[in-house]
Amino acid sequence: MSTGKLKDELKKKNEFDSPCQEAILNILRTSDVFHNAIGRLLREYGLTQSQYNVLRILRGEGTPMPCQEISNRMIQVVPAMTGLLDRLEAQDYIVRERSAEDRRSVFISLTERATEVLSMIDQPIEQMHEALIGHLNEEELKELSRLLEKARTAG
């Protein structure tokens, strides 16, 4: 039996078809809320979530990375990675360099401007995370992560 909160939010008249349906819809609804809130914050800095993700990956690695490796680490699949990198390059956030050993390989690195913008975003994004999910205690957060990881590995 449903707890009713999602049912109320969606103004659903009937029960969910199954607990699986209710859980999936809860995940999608929560993802949408989080996605929209974080998206609004990042737009203040002229970034999309995918662009921010690329910059965070590069900062975390600390050295230039091949395009394919960045693509493999993205949170959300980006079908047009080249276009995404084109936009970041046009904003002076990344630099592309061809490998001296293999001219087919292109390595991406952060610019100083990107590092500065990321530093400006760090505190507001942390505050956003806290506002979105900080009401859960550490044990609940770990359990939530464990369950979501378990859900992703099924099938």
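A salt bridge is taken here as a side-chain nitrogen of Lys or Arg within 4 Å of a carboxyl oxygen of Asp or Glu. The model is predicted, with local features needing pLDDT of at least 70 and side-chain atom pairs counting only at pLDDT 80 or more, while totals for chains, interfaces and linings use all residues. Residues are numbered from 1 along each chain as its sequence is written, and side-chain values use heavy atoms, with hydrogens and water left out.

**View 1. The salt bridge between Arg73 and Glu61.** The closest N and O atoms of Arg73 and Glu61 are 2.8 Å apart. Because Arg73 lies in helix α4 (residues 67-73) and Glu61 in helix α3, the pair ties together parts that are 12 residues apart in sequence; helices are DSSP runs (H or I, at least four residues), numbered from the N terminus.

**View 2. The salt-bridge network of Lys5, Glu9 and Arg29.** Lys5 and Glu9 approach to 3.6 Å between their closest N and O atoms, and, being four residues apart in helix α1, they are separated by about one helical turn. Glu9 also meets Arg29 in a salt bridge (3.2 Å, N to O), so that parts 20 residues apart in sequence, in helices α1 and α2, are tied together. Lys5 is exposed, with a relative accessible area of 58%, whereas Glu9 is partly exposed at 34% (buried is under 20%, exposed over 50%, partly exposed in between, with a 1.4 Å probe and protein chains only).

Methods:
Helix = DSSP H or I, 4+ residues; strand = E, 2+ residues; numbered from the N terminus.
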